[in-house]
2 protein chains.
Amino acid sequence: MNSLKKNQEHALIEKIKDWTGSRRIGDDCAVLPGGALASVDTLVDGVHFRTGSISFRDLGWKAVAVNLSDIAAMAGRPRNILVSLSAPTSLTERALAELFRGISECARSYRVEVAGGDLTGGPVLSLSITVLGEVHEQGVLLRSGARPGDLLVCTGDFGASAAGLHLQEAGEWGGQASYVIERHCRPEPRLCEAWALLRACKGRGALIDSSDGLADAVIQLAVASRVSIVIEAEKVPVHQECIEIAGLAGLDPLDWALYGGEDYELVGCIDNDSYKVLESYGKLNPFHVIGFVNSITQDTESNLSNSAARVRLADNRLVELDGQKSFQHFEHKPD
Amino acid sequence: MNSLKKNQEHALIEKIKDWTGSRRIGDDCAVLPGGALASVDTLVDGVHFRTGSISFRDLGWKAVAVNLSDIAAMAGRPRNILVSLSAPTSLTERALAELFRGISECARSYRVEVAGGDLTGGPVLSLSITVLGEVHEQGVLLRSGARPGDLLVCTGDFGASAAGLHLQEAGEWGGQASYVIERHCRPEPRLCEAWALLRACKGRGALIDSSDGLADAVIQLAVASRVSIVIEAEKVPVHQECIEIAGLAGLDPLDWALYGGEDYELVGCIDNDSYKVLESYGKLNPFHVIGFVNSITQDTESNLSNSAARVRLADNRLVELDGQKSFQHFEHKPD
């Protein structure tokens with residue numbers, strides 16, 4: 001379903017910055033002059049989903065949700081989406097109607113308008129969604145805002161989407177109500193949660209969404225902020241259903257949580273005082289503390305992407321997060 | 001290379017407006033609150049181009065140019081683009097570098113910044129480009145702005161891109177310098193020309209780009225403005241090289257001009273006084289008069305899309321433009 005060359009993808013993005021001379025590439029959204037936010041994400045049949053495994057209605061929802069999650073990752077406010085659809089001739093009008101039903105449901109849920117798009121033929125179903133928004137009036141949270149001494153916080157739970165995908169791919173899902181299937185097919189962009197974090201930290205923090213897994217999110221935060229981050233494995237929220245499915249499959253649910261991807265939770269770094277503001281919300285606080293931020297020592301500075309992000313396991317061993325293992329959707333052939 | 005069900009595409013767009021409840025779908029770009037313009041276009045290998053027939057550098061240029069043309073079609077000012085690339089693993093880094101070289105060349109030529117994007121795997125190369133811009137300070141030109149008594153005007157010439165495609169597909173192009181190949185591979189968005197038209201008509205006019213052919217552009221203007229438009233065939237500019245290639249192929253160059261598509265010229269409707277302003281520029285006037293706008297009579301009102309747009313041939317016969325013949329890239333299967 002995906003290839004595992006995350007480092008190669010990041011190297012390629014660095015090259016694209018060179019080739020285009022762009023200063024804006026790198027975060028979840030581009031921040032444009034005037035405070036506009038813009039982002040695009042493409043979902044391709046056979047790479048990000050399989051028609052047959054996901055309903056067209058859920059696919060429409062998910063395509064919008066993952067894009068809104070990019071706006072949430074910067075605590076922004078989404079306003080409009082553009083839908084560019086490339087579809088084979090075999091796609092029926094009923095399927096298209098269901099797809100747009102899902103797109104509209106998600107857009108309406110988050111008060112976003114479908115403003116335009118493009119329809120074209122193509123060998124496989126491919127959905128490119130552009131989301132346009134605005135930075136929040138209280139500022140923007142970037143990946144680069146983490147400071148030594150910060151807490152590592154997150155929303156929701158991790159690994160559920162990978163567990164849902166596993167159920168679908170293994171043909172073990174009988175169609176009954178399932179938390180992990182719901183998480184895989186209808187992720188919810190954490191917009192309100194992002195705004196709560198922004199208000200609590202008054203703009204002094206770092207934020208990203210976990211589209212490519214918790215490990216990748218933490219690596220990105222560490223690299224962009226030039227800090228060292230430690231995840232405490234025992235504190236990472238994992239849903240009971242995910243643990244059970246991993247158990248039946250003989251897999252470690254922590255692997256899904258760290259490397260599975262597509263959970264679309266928020267992962268951020270804020271200081272203690274900011275977290276106390278969130279704690280004062282009691283049960284309405286959507287964030288958990290799952291680790292902490294240190295300064296980088298001389299020996300980690302030489303190879304930031306490999307050693308600045310680690311996980312402390314239950315047996316107290318400190319293990320480097322593996323950037324190569326992370327969920328990713330792009331692979332290309334070197335010359 | 002493309003399927004010929006233009007009317008079906010328009011019907012589908014009407015349905016999508018219903019499904020999404022969107023009030024902004026329909027013009028070349030969405031006009032967002034605050035005067036932002038946004039548009040997205042996707043080019044798919046085997047549908048819009050064939051790797052092997054077009055260089056990666058030209059493909060990059062063209063992908064940006066066709067999107068900037070959507071901004072030109074509303075006389076807007078492009079500012080930023082987002083590039084979403086879906087590519088098979090067989091694509092080399094050299095090919096990617098050439099693609100982004102072309103993207104950057106076109107972006108720089110028109111003072112547009114690459115602000116972000118997305119990279120993903122996929123079975124075929126597919127490029128979704130989102131262009132973001134602003135409405136011109138003197139206003140916006142829509143498809144719906146034509147009035148009876150207006151002149152039909154256009155930039156450049158028509159049919160050259162289809163002639164270039166014909167040369168490529170027939171394997172008759174030896175690689176020598178060729179106007180029609182250049183027009184097919186490196187179209188130029190008519191931004192300055194659109195701004196000149198907007199200034200000359202002070203915002204009282206209609207505008208569209210001819211991405212799907214001159215006939216489709218005129219049909220769209222007629223339908224959106226609820227007017228009747230006549231193209232005078234003898235006035236349609238067609239390049240000598242296009243005429244020669246059509247002659248050798250035993251085809252009518254007017255067919256390419258009307259239905260070939262991908263010329264990305266501007267087609268507009270303005271009144272006589274506005275055209276006099278353009279004429280005062282002498283040789284610097286980029287527009288030709290190629291027809292005129294009438295009011296629709298009762299009998300054409302009943303079936304606007306078929307009878308409101310016609311072409312007067314050299315022998316003076318008045319022939320309806322055929323919406324079904326137009327170049328289009330989308331087809332879907334009815335239930």
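**Notebook: sheet, domains and copies**

I started with helix α3 (residues 93–109) of chain A, which lies across β3 and β4 of chain A and runs at about 155 degrees to β4(A). I took axes as lines fitted to C-alpha atoms, for helices over the stretch in contact, with angles from 0 to 180 degrees between N-to-C directions. Helices (H or I, at least four residues) and strands (E, at least two) are DSSP runs, numbered from the N terminus.

The model is predicted: local features need pLDDT of at least 70, side-chain atom pairs count only at pLDDT 80 or more, and totals for chains, interfaces and linings use all residues. Residues are numbered from 1 along each chain as its sequence is written, while chains are lettered from A and ligands numbered from 1 in the order in which they are written.

**Entry: the open sheet in chain A**

I looked up the strand order next. The sheet is open, has 5 strands in the order β1-β2-β5-β3-β4 (chain A), and its pairing is mixed. β1 (30–31) and β4 (113–121) of chain A stand at the edges with a single partner strand each, so one side of each has no neighbour in the sheet. Strand β3 (residues 77–87) of chain A pairs with β4(A) in the parallel sense over 8 bridges. Pairing here requires at least two DSSP bridges between two strands. Opposite L82(A) I found G116(A) in β4(A). Helix α2 (residues 56–72) of chain A packs on the sheet and touches β2 (36–44), β3 and β5 (126–134) of chain A. The direction of α2 makes about 35 degrees with that of β5(A).

**Entry: β8 of chain A**

Is strand β8 (residues 228–232) of chain A enclosed or open? I found 4 of its 5 residues buried, so β8(A) is largely enclosed by the rest of the structure. Buried means 20 or more other C-beta atoms within 10 Å of a residue's own, exposed means 12 or fewer, and partly exposed is in between; C-beta atoms are placed from the backbone. β8(A) pairs with strand β10 (residues 287–294) of chain A in the antiparallel sense, over 4 bridges. There, I231(A) stands opposite G291(A). β8(A) also runs parallel to strand β11 (residues 309–312) of chain A, joined by 4 bridges. V230(A) has R310(A) as its bridge partner in β11(A).

**Entry: domains of chain A**

The domain assignment, automatic or from a database, gives domain 1 (29–134) and domain 2 (143–325) in chain A. Their centres, taken over C-alpha atoms, are 24 Å apart. I counted contacts as C-beta atoms, placed from the backbone, within 7 Å. By that rule, 15 residues of domain 1 of chain A meet 18 residues of domain 2 of chain A.

**Entry: chain B**

I then checked helix α4 (residues 160–169) of chain B. Of its 10 residues, 9 are buried, so α4(B) is largely enclosed by the rest of the structure. Its buried residues pack against α5 (179–185), α8 (240–249) and α9 (253–259) of chain B. Just after α4(B), G171(B) takes a positive phi of about 65 degrees.

V293(B) sits in strand β10 (residues 287–295) of chain B. It counts as buried, with 24 C-beta neighbours inside 10 Å. Not counting residues up to four places away in sequence, V293(B) touches several residues, among them P148(B), I229(B) and C269(B).

**Entry: the two copies**

How many degrees of rotation superpose chain A on chain B? The rotation is 180 degrees, with 0.0 Å of shift along its axis and RMSD 0.0 Å. That is the relation of a two-fold axis. Of the contact residues of chain A, 100% recur in chain B, so the same surface serves both copies.

How values were computed: Contact = placed C-beta atoms within 7 Å. Least-squares fit on C-alpha atoms with pLDDT ≥ 70 in both.
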